[in-house]
Amino acid sequence: MERYLYILLFFTLHFSFFTPSAHAEGWKIYASYHNATKAVKMDGRVYVLANGDIFSYDPEDTSVEVYDKANVLSDFGIYDIAYCAATKCVVILYKNGNIDVMDNKHRVVNMSELKTTTIGDKSLNELCVEGSEAFVSTNSGLVVVNLQTCNFADMYKFDSPVKSCVADSKSIYAKTGNATYYGDRSLNL
């Protein structure tokens with residue numbers, strides 16, 4: 001009798017662990033969307049960051065769409081979002097440094113280089129979008145992302161944490177805890 005129980009247990013465990021969709025099938029993410037901290041508009045929809053999660057609202061038909069790792073996103077724990085009018089995309093910055101770029105068809109390009117790199121203290125401070133570039137202010141410096149090609153364009157190291165930045169096609173201003181830095185983009189910064 002004991003032998004039959006072992007055989008039954010073996011087949012039960014074997015098919016539950018090795019069935020490809022056994023772990024994800026039937027699971028649904030129930031995120032909390034009650035504390036909205038930021039909203040951006042893209043193609044008539046309003047994308048809202050709430051408690052580290054993102055959803056969109058269409059004011060015309062009042063539909064709500066939720067985005068998470070189970071459907072289109074590549075990670076959990078969103079830190080900030082920004083809209084890029086030049087490339088018509090929403091930039092999604094995660095707390096761990098991972099970046100998703102989502103277009104108006106909800107296709108996502110993941111950029112994990114900041115998350116996986118060893119540049120020092122990657123604590124995030126701000127996400128800013130100017131033109132077709134995203135600027136991520138970190139405790140190690142400033143990271144520039146080209147949103148047209150979805151590549152990292154530059155990394156500027158500072159002696160103190162970069163709290164915020166503003167930029168245009170000619171210059172970058174970076175604010176640290178004790179100074180404001182100016183950089184001429186035509187020079188080799």
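1. The largest nonpolar core has 19 residues, and Ile99, Val136 and Leu147 are the ones that touch the most other members. A nonpolar core here is a set of buried Ala, Val, Leu, Ile, Met, Phe, Trp, Tyr and Cys residues joined through side-chain atoms within 4.5 Å. Buried means under 20% relative accessible area, exposed means over 50%, and partly exposed lies in between (1.4 Å probe, protein chains only). At least two residues of this core come from each of E5, strand E6 (89-94), strand E7 (99-103), strand E9 (124-130), strand E10 (133-138) and strand E11 (141-146). Strands (E, at least two residues) and helices (H or I, at least four) are DSSP runs, numbered from the N terminus. A second, separate core of 13 residues has Ile54, Ile78, Val90 and Ile92 among its members.

2. The model is predicted: local features need pLDDT of at least 70 and side-chain atom pairs count only at pLDDT 80 or more, while totals for chains, interfaces and linings use all residues. Residues are numbered from 1 along each chain as its sequence is written, and side-chain values use heavy atoms, with hydrogens and water left out.

3. Which residues does isoleucine 99 contact, leaving aside its neighbours within four places in sequence? The list is Val91, Ile92, Leu93, Tyr94, Val109, Asn110, Met111, Leu114, Val136, Val145 and Phe152. Contact means heavy atoms within 4.5 Å.

4. Cysteine 84 lies in strand E5 (residues 78-84) and is buried, with a relative accessible area of 0%. Apart from neighbours within four places in sequence, cysteine 84 is in contact with Cys89, Val129, Gly131, Ser132 and Leu147.

5. Alanine 167 belongs to strand E13 (residues 162-167) and counts as buried at 9% relative accessibility. The C-alpha atoms of alanine 167 and alanine 134 are separated by 9.7 Å, and the two are 33 residues apart along the chain. Not counting residues up to four places away in sequence, alanine 167 touches Glu130, Phe135 and Ile172.

6. The structure holds 5 salt bridges. A salt bridge is a side-chain nitrogen of Lys or Arg within 4 Å of a carboxyl oxygen of Asp or Glu. Aspartate 58 forms one with arginine 45, and the closest N and O atoms are 3.6 Å apart. Aspartate 58 lies in strand E3 and arginine 45 in strand E2 (residues 45-50), so this pair ties together parts that are 13 residues apart in sequence. Both aspartate 58 and arginine 45 are buried.

7. Lysine 115 and aspartate 75 also meet through their side chains in a salt bridge, at 3.4 Å from N to O. Because lysine 115 lies in helix H2 (residues 113-116) and aspartate 75 in the loop between strand E4 (63-67) and E5, the pair ties together parts that are 40 residues apart in sequence. Lysine 115 counts as partly exposed, at 34% relative accessibility, whereas aspartate 75 is buried, with a relative accessible area of 11%.

8. The side chains of arginine 107 and aspartate 103 form a salt bridge at 2.7 Å, N to O. Arginine 107 counts as exposed at 54% relative accessibility, and aspartate 103 is buried, with a relative accessible area of 16%.

9. Histidine 106 is found in the loop between E7 and strand E8 (108-111). Is histidine 106 buried or exposed? Histidine 106 is buried, with a relative accessible area of 17%. Its side chain makes a polar contact with the side chain of tyrosine 67 at 3.0 Å. A polar contact is a pair of N or O atoms within 3.5 Å; within protein, one must be able to donate a hydrogen and the other to accept it, and residues adjacent in sequence count only if both atoms are side-chain atoms. Leaving aside neighbours within four places in sequence, histidine 106 is in contact with Tyr47, Glu65, Tyr67 and Val72.

10. Threonine 176 is in strand E14 (residues 171-176) and is buried, with a relative accessible area of 1%. The side chain of threonine 176 makes a polar contact with that of asparagine 178 (3.1 Å).
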